[in-house]
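The sequence and the structure are shown first.

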Amino acid sequence: MAGILSHGEFRWLFFSNLAFFLAMQAQSIVRANLAWEMTNDEFALGTMMAAMAVPMALIAPFGGVMADRLDRRKLIVTGQSIVLTSESVVLVLLLSGALQFAHLVFASFVMGCVFPLIMPARQAVVANLVGREGLSRAIALNMAGLNATTVLGPAIGGLLDSISHEVAYVTGISFYATAVLCMFAVSPSRAEGAARDVSVLQNLADGVKYLGTNRLLLMLLLFGLVPMFLMMPFRNMVVVFVDDIWNQGRAAVGLMNAALGFGGIAGSILIAWIGDTQRRLGAMLGSMLAFAVLLIGFSMSPSFLVAIPFVVFAGSFSTLFSTLNNTAVQLLIPDEVRGRVSSFLMMSFSLPMIGVLPIGYLARTYGVQLAVSAAAVAAVVIALAMLAASRSLRNMNQAVTEALEDGASPVQARGVR
């Protein structure tokens, strides 16, 4: 782990990733708290998240194409700068007392449009910086760090928001600015291959065709997205549990997110430390099942204190699952289509936001405890059905091992531009 961080440019990329995602995840909690205070409506939380998730899902494939055609460093810097500007406008409105729910929705929409241009380039540039020989360790560390921010960021946001919304927003903007500055220490980076020799639409069609011919990659992507859509939206429902179920104040939201963050950090450290495992599929399945059981325990907890240990371990196992899945995908794809295939991983960010909408509706209709528990059960049933139906998914361990031993993807991107 320390060895790969000794690579100077990857280290700056890693720090930029951490700063950007810490800010993004922290702001998601602050926005949720602000929206809840303004509307006191679970469905409003879903509406705000959908405003980010829908453009994120629609634009993601084109973001992957851009990552295979353009300078990846410049693409990241431009996108981060737009986000920094948008969040600064929200802060000005907040400080002036003019902030409204519609402004939060619009800020979410801006993030949803820009983020899919940033993320595929971030994932693709790793291979350019460290080469095939360092790719496995770099991906594991990078994914572990990113997944840690998905839980540490809400913890920071929740704790700072318990002080004031303004303090939380200023801190988030500082992280965004840091992320932009770090990227200037990374060299310009373009993809190998002939992606720029044909049209954007042809690039997109070639990427979809490649994914369609690689059944294992397709199944891995789908297998990883199921818990993201059904179980991860519980993070945005924490404020509802704290307020309506356990009758606690805003500070309790911060403490609960801190517990979630602690668990996620533990899971990230573990996966970065152990590196590759030949039992990847078993570890993924076990982590997802444990996450589901712990989430049900969290949902049915009779008190705030009883819920804390459940959420700590839930954070650990969700991080283990997503890191193992994303690393396997990155190891199986060649660089000439890395941006386009990586763009489909964007769904792991957008689907939880889309999932907040139906979960929020169910929570408003049947109660938040039943809604979150039912989502966890559904995720397990669907994942097990996918595993039973897909031989390629069951043989995943062998394919990933071959990729590591051969130093190349088992399925090359022949004819893809």
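What share of the contacts in the chain with a separation of 6 or more comes from residues 24 or more positions apart? In this predicted model, such residues account for 89% of those contacts.

**Overall composition**

The secondary structure consists of 18 helices and zero strands. Of the 417 residues in the chain, 59% are buried. Carbon and sulfur atoms hold 66% of the accessible surface, which comes to about 15300 Å².

The largest nonpolar core contains 83 residues, and Leu220, Met237 and Phe298 have the most contacts inside it. Leaving aside residues up to four places away in sequence, Leu220 touches Met284, Asn325, Ala328, Val329, Leu332, Leu393 and Met396. Another core lies apart from the largest one and has 33 residues, including Met56, Val114, Ile118 and Leu129.

| Nonpolar core | Number of residues | Residues named |
|---|---|---|
| Largest core | 83 residues | Leu220, Met237 and Phe298, with the most contacts inside it |
| Another core | 33 residues | Met56, Val114, Ile118 and Leu129 among them |

**Helix H12**

Helix H12 covers residues 280-299. At 1.5 Å a residue, its 20 residues should span 28 Å, and this agrees with the 28 Å between its end C-alpha atoms. Because 14 of these 20 residues are buried, H12 is largely enclosed by the rest of the structure.

**Surface patch**

Tyr361, Leu362, Tyr366 and Leu370 make a nonpolar surface patch of about 420 Å². Helix H15 (residues 347-366) gives the most to this patch, with three residues. Leu370 lies in helix H16 (residues 368-389).

Methods:
Residues are numbered from 1 along each chain as its sequence is written. This is a predicted model: local features need pLDDT of at least 70, side-chain atom pairs count only at pLDDT 80 or more; totals for chains, interfaces and linings use all residues. Side-chain values use heavy atoms; hydrogens and water are left out. A nonpolar core is a set of buried Ala, Val, Leu, Ile, Met, Phe, Trp, Tyr and Cys residues joined through side-chain atoms within 4.5 Å. Buried means under 20% relative accessible area, exposed over 50%, partly exposed in between (1.4 Å probe, protein chains only). Contact means heavy atoms within 4.5 Å. Patches are made of residues with over 30% relative accessible area and no salt bridge: like charges are joined within 9 Å, nonpolar side chains (Val, Leu, Ile, Met, Phe, Trp, Tyr) within 5 Å. Accessible areas come from the Shrake-Rupley method with a 1.4 Å probe; for residues, only the protein chains shown count as cover. A salt bridge is a side-chain nitrogen of Lys or Arg within 4 Å of a carboxyl oxygen of Asp or Glu. Helices (H or I, at least four residues) and strands (E, at least two) are DSSP runs, numbered from the N terminus. The expected span of a helix is 1.5 Å times one less than its number of residues.
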